[in-house]
Amino acid sequence: MKILAFESSCDETSVAVVEDGQKVLSNVVKSQIDIFKLYGGVVPEIAARNHVLVITSAIEKALSDANCTKDDIDYVAVTQGPGLIGPLLIGIDAALAFAYSINKPVIGVNHLVGHAYAAQIEHEMKFPSIILLVSGGHTELLLAKGHLQFELIGQTYDDAVGEAYDKVARVLGQKYPGGPILDKLASQGDSNRYQLPRPVLDKDNFNFSFSGLKSAVINLYNKEVKNGNEIVIEDFAASFQKAVIDVLLTKTKLALEKYPDVKQLIVGGGVSANKGLRKALEEEIKGVELLIPKFSYCTDNAAMIGAAAYYYIKNGLVNKDYILKAYSINNL
Ligand code: KG4
Ligand code: ZN
């Protein structure tokens, strides 16, 4: 079964062809990062306009990379939310138009479910499992009891972890998106140089908070600048990253302890590309299989949407409701 999938929830225009949920035949990602470096973040209206400019050529390339024609496509899938409304609508309209032209159904896929399925593109998911989702807009722990049977067990009270990375990076004079830049700087810095808080670690739950940590780094940086102290950006990045990883790991381990039957820890979202986090998970997660997506499936991409859509179909979630949901702004 071949699915043509669309992802346009933020600043990546992506179209992919995915076969049977696990075989990626093509995954075209046209990023707008070069545009948003100039603004220090994503401007939704500009992102939407740029999706319009490239989406048709992304479809053509996805089909040709996959060695397919439109007649080989069995289903169309599209991110229906959460995300930026203008950008989402471009992907949804393109998906609906394409599906109409070949008379095939459209599946509206939740963006976070897509991130959760990124890791199983090459490795089979097992259940029950714990899912750690770390992206620019969300930080969540979920208990997965079966395909698409996800129970939210913890989430951030305020900033998402990727958002904290991007804001700290901006104050440290780095370009958007700050996550990968801070990750690289962190590998060259001293993570013990600055003492930073580990928010809500003491609480007996699986929730997170990154806004206080973000403010602590920013305030410390401003203080050091004001006092004329030597600034080593790498040390700020390393100390911040260590605090983030400590929090993510502590809460994840807590969840694994609470649910001892869990077979896998599945990680997803843009921040799962973080080299420091990946290394810490590989070293410290014991007793369960660790599933982390390969780098190209960590940040936003349509392959993960096509992979997730396969399980929507398998679970009978392709019905009129799902098709109509893709039309409705209320569901974005
Ligand atoms: O999943 P994603 O592409 O989009 C959302 O759904 O939000 O995640 C984007 C986020 C950005 O905040 C970006 O800075 C962060 O992921 N990110 C990273 C790394 N690569 C991307 N954060 C830390 N380390 C990285 N290597
Ligand atoms: Zn995402």
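Residues are numbered from 1 along each chain as its sequence is written, chains are lettered from A and ligands numbered from 1 in the order in which they are written, and side-chain values use heavy atoms, with hydrogens and water left out. Because the model is predicted, local features need pLDDT of at least 70 and side-chain atom pairs count only at pLDDT 80 or more, whereas totals for chains, interfaces and linings use all residues.

Around ligand 1 there are 18 residues, of which His115, Gly136, Asp166, Gly270 and Asn274 come nearest (a residue is near a molecule if one of its heavy atoms lies within 4 Å of it). The side chain of aspartate 166 places an N or O atom 2.7 Å from a ligand 1 oxygen. Backbone atoms take part as well: a polar one of glycine 270 is 2.9 Å from an oxygen of ligand 1, and an N or O atom of glycine 162 lies 3.1 Å from a ligand 1 oxygen. Of the 550 Å² of accessible area that ligand 1 has on its own, the protein covers 89% (Shrake-Rupley method, 1.4 Å probe).

Helix H4 (111-118), helix H5 (161-171) and helix H6 (178-186) are the elements that give two or more residues to the shell around ligand 1; H6 provides the largest share, three residues. By class, this shell has four nonpolar, 11 polar and three charged residues, where Asp, Glu, Lys and Arg count as charged, Ala, Val, Leu, Ile, Met, Phe, Trp, Tyr, Cys and Pro as nonpolar, and the others, Gly among them, as polar.

Histidine 115 in helix H4 and aspartate 300, in the loop between strand E10 (289-291) and helix H10 (302-314), are 185 residues apart.

The bond from glycine 81 to proline 82 is cis, with omega near -5°, and proline 82 is in the loop between strand E4 (75-81) and helix H3 (85-102). Tyrosine 176 and proline 177 are also joined by a cis bond, with omega about -10°; proline 177 lies in the loop between H5 and H6.

Definitions and conventions
A polar contact is a pair of N or O atoms within 3.5 Å; within protein, one must be able to donate a hydrogen and the other to accept it, and residues adjacent in sequence count only if both atoms are side-chain atoms. Helices (H or I, at least four residues) and strands (E, at least two) are DSSP runs, numbered from the N terminus.
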